[in-house]
Amino acid sequence: MQADRIIVQSEDFHVPAEYQQIAGDNGDGAVVTFVGKVRDFNDGSAVTDLTLEHYPGMTEAVLHKIVAEARERWPLNFVTIIHRVGTMHLGEQIVFIGVSSAHRKAAFAACEFLIDFLKTKAPFWKLEASPDGAHWVEARDSDEQAAQAWNNGDS
Amino acid sequence: MINVLFFAQVRELLGTASIQVAADNIATAAELRAHLAGQNDKWAQVLDSDKLLVAINQTMSQWQAAVSDGDEVAFFPPVTGG
């Protein structure tokens, strides 16, 4: 089991380099990665920029806790979470999650678990800028339900 | 003193990111919230939101959780990262 790589930064990340970081162990038969991006429309309004605010210190602590929970559920080797903060433009990358494991089912499940929990537990907030002005993104019930489902034995 | 932090929309609406509050007569997160809401109408309106969340020393907490001198207590809306 490798040390967790958990980073909160303003700079963009390079997916091939992050893949290399978690794909180097021949005991792993599966690597699953997820990248979240700034998309063009949210709730019907055009998005031009996204500004991510977070709670320094608590953010990293929560992410480490989420990864520890994932490691209790599945046999994982490498785990990387990179979340950007500050202002990002349309199409830019926001978040990277990568996991490696001996088998694909654990890697797929852990990656989905990590993004579901990150979205509902980690103290990040999105401010969207559109031609109509800036507004704070509302939390979605569907995200909360996705995280809850992992505790209800649905997965 | 209790170090109180505000984030996102709560910070923006209150117009401040942090304040220090004397811990006298404040025993729980709910009491701290009520104390802050008593500042003026605007603070009352922002802090009365039923979606408001609280973290004590960087851990998500319940409103009845204890707070004491030297704690860091943060108020913020539901999170929206990822």
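Buried area is the accessible area, found with a 1.4 Å probe, that two parts lose on being put together, summed over both. The size of an interface is often given in this way. The model described here is predicted, and its local features need pLDDT of at least 70, side-chain atom pairs count only at pLDDT 80 or more, and totals for chains, interfaces and linings use all residues. Residues are numbered from 1 along each chain as its sequence is written, chains are lettered from A in the order in which they are written, and side-chain values use heavy atoms, with hydrogens and water left out.

Chain A and chain B bury about 1,700 Å² between them, and 58% of this area lies on carbon and sulfur atoms. On the side of chain A, the residues that lose the most area to chain B are Y55(A), W125(A) and W136(A), which together account for 39% of what that side buries. In terms of contact (heavy atoms within 4.5 Å), 24 residues of chain A meet 20 residues of chain B.

The interface also holds 13 residue pairs in polar contact, both residues being at pLDDT 80 or more. A polar contact is a pair of N or O atoms within 3.5 Å; within protein, one must be able to donate a hydrogen and the other to accept it, and residues adjacent in sequence count only if both atoms are side-chain atoms. Two salt bridges cross the interface as well; the term denotes a side-chain nitrogen of Lys or Arg within 4 Å of a carboxyl oxygen of Asp or Glu. One salt bridge joins the side chains of K51(B) and E138(A), at 3.7 Å from N to O.

Each chain can now be considered through a sheet. Strands (DSSP runs of E, at least two residues) are numbered from the N terminus, and two strands pair if DSSP finds at least two bridges between them. In chain A, an open sheet of four strands has the order β7-β5-β9-β10, with antiparallel pairing. Its edge strands, β7 (86-89) and β10 (133-136) of chain A, each pair on one side only. Strand β9 of chain A, residues 124-130, pairs with β10(A) over four bridges, and E128(A) has H135(A) as its bridge partner there.

Chain B contains an open sheet of five strands in the order β2-β1-β5-β3-β4, with mixed pairing. At its edges stand β2 (18-21) and β4 (59-61) of chain B. Strand β3 of chain B, residues 53-56, runs antiparallel to β4(B) and is joined to it by three bridges; V54(B) stands opposite S61(B) in β4(B).
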